[in-house]
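Please keep the sequence and the model at hand while reading.

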Amino acid sequence: MAFPKPSDADKKWFEALLPEAPGVAMRPMFGNYAGFVDGNMFLCLFGDQVAVRLDEAGRAELLSVAGSEPFEPVSGRPMKEYIVLPEHWRDSPELAEEWVDRSLEYAAAMPTRHHKGKTAK
């Protein structure tokens with residue numbers, strides 16, 4: 001299966017959204033990037049899409065925003081807790097950053113997961 005590749009602009013957008021916080025790390029995933037906190041993924045880049053992990057109420061709230069959608073890396077198989085940020089938020093980074101912070105907070109409250117792999121640079 002071929003996964004979409006992010007452009008340099010997509011990578012730069014993701015890197016700008018990734019918070020500098022304790023326990024946060026960026027790792028490569030299927031030719032894309034993912035942000036983890038204490039081993040739990042909370043942010044991912046998939047082609048040109050950036051998705052955040054949220055609780056049920058957060059998902060419902062974000063899905064009410066035009067341009068957001070469930071994160072579905074494989075057609076017909078959405079990832080349960082992930083929602084794609086609206087593309088037009090690239091022009092309004094403060095909106096995207098608010099949701100990334102909420103995602104980080106949600107994932108940080110989960111039990112630590114240990115990962116045996118390399119960290120992206």
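In this predicted model, Glu87 is partly exposed, with a relative accessible area of 45%. The side chain of Glu87 meets that of Arg90 in a salt bridge, with N and O 3.2 Å apart. Arg90 is also partly exposed, at a relative accessible area of 22%.

Arg90 has a further partner in Asp10, where the closest N and O atoms are 2.8 Å apart. This pair links distant parts of the chain: Asp10 belongs to helix H1 (residues 8-17), while Arg90 sits in the loop between strand E6 (82-84) and H3, and the two are 80 residues apart. Asp10 counts as buried, because its relative accessibility of 8% is under the 20% cut-off. Through shared partners, the salt bridges join Asp10, Glu87 and Arg90 into one network.

A search of the whole structure finds four salt bridges. Another of them is formed by the side chains of Arg53 and Glu81, at 2.8 Å from N to O.

The table lists the salt bridges described here.

| Salt bridge | N to O distance |
|---|---|
| Asp10 and Arg90 | 2.8 Å |
| Arg53 and Glu81 | 2.8 Å |
| Arg90 and Glu87 | 3.2 Å |

Which residues gather in a patch of negative charge on the surface? They are Glu94, Glu97, Glu98, Asp101 and Glu105. Glu98, one of these, lies in helix H3, which covers residues 93-108. The relative accessible area of Glu98 is 42%, so this residue passes the requirement of over 30% for membership of a patch. Glu98 is classed as partly exposed, because that class lies between the buried limit of 20% and the exposed limit of 50%.

Definitions and conventions: Residues numbered from 1 in each chain as written. Predicted model: local features only at pLDDT ≥ 70, side-chain atom pairs only at ≥ 80, totals over all residues. Heavy atoms only, no water. Patch = residues over 30% accessible without salt bridge, like charges linked within 9 Å, V, L, I, M, F, W, Y side chains within 5 Å. Areas by Shrake-Rupley, 256 points an atom, 1.4 Å probe, with all protein chains shown as cover. Lys, Arg positive; Asp, Glu negative; His and termini not counted. Charge placed at Lys NZ, Arg CZ, Asp CG, Glu CD. Helix = DSSP H or I, 4+ residues; strand = E, 2+ residues; numbered from the N terminus. Buried < 20%, exposed > 50% of the residue type's maximum accessible area, 1.4 Å probe, protein only.
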